[in-house]
Amino acid sequence: MRTSTRIAGVLSGLALAVGGVAFTAPAAHADVTACINQVERELQGGEAPDSIRMACYVGLTGDQAKCVTGLTDSGVTNGTATSACRVAPK
């Protein structure tokens with residue numbers, strides 16, 4: 001295989017990989033943000049602490065029960081915690 005063909009193939013693969021990461025990364029961030037925003041609306045006290053951010057991230061991984069427990073342990077009502085964790089993995 002010629003060097004120029006090999007370089008073109010590597011660059012094409014790299015462009016597809018980087019483009020795929022850039023395309024999927026904002027969606028994951030938006031889901032955690034939606035969870036945090038829902039909790040912040042209830043707390044009405046400014047920015048959510050790290051414990052709430054971490055619980056929402058756990059919800060993103062799909063562990064809804066652990067997400068709800070993390071949020072309720074941080075002072076969020078069960079109803080808000082359940083709905084916030086529901087939006088995390090979408």
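Buried residues are those under 20% relative accessible area, exposed residues those over 50%, and partly exposed residues those in between (1.4 Å probe, protein chains only). The model in the viewer is predicted: local features need pLDDT of at least 70, side-chain atom pairs count only at pLDDT 80 or more, and totals for chains, interfaces and linings use all residues. Residues are numbered from 1 along each chain as its sequence is written, and side-chain values use heavy atoms, with hydrogens and water left out.

**Stop 1: helix H2**

Select residues 50-60, which form helix H2. Helices here are DSSP runs (H or I, at least four residues), numbered from the N terminus. The buried residues of H2 are Ile52, Ala55, Cys56, Val58 and Gly59. Viewed down the helix axis, these residues fall within an arc of 155 degrees, so they line one face of H2; the arc is that of the directions from the helix axis to the C-beta atoms. An α-helix has 3.6 residues a turn, so residues three or four places apart point the same way. Turn to the face away from the buried side of H2 to find the exposed residues Asp50 and Met54. Just after H2, select Gly62, which takes a positive phi of about 105 degrees.

**Stop 2: from H2 to H1**

Next, select Cys35 and Cys56, which are joined by a disulfide with an S to S distance of 2.1 Å; a disulfide is a pair of cysteine sulfur atoms within 2.5 Å. Cys35 lies in helix H1 (residues 3-43) and Cys56 in H2, 21 residues apart, and the pair links distant parts of the chain. The link of Cys35 and Cys56 is left-handed, with -70 degrees about the S-S bond. Cys35 has 0% relative accessibility and therefore counts as buried.

**Stop 3: H3 and H4**

Move on to Cys67 and Cys85, where a disulfide has an S to S distance of 1.9 Å. Cys67 lies in helix H3 (residues 64-73) and Cys85 in helix H4 (residues 78-87), so the pair ties together parts that are 18 residues apart in sequence. Both Cys67 and Cys85 are buried. The torsion about their S-S bond is about -90 degrees, so this disulfide is left-handed.

Now display H3 and H4 together. The two helices pack at an angle of about 135 degrees, with their axes 9 Å apart; axes are lines fitted to C-alpha atoms, for helices over the stretch in contact, and angles run from 0 to 180 degrees between N-to-C directions. Residues making the contact (heavy atoms within 4.5 Å) include Val68 and Leu71 of H3 and Ala81 and Ala84 of H4.
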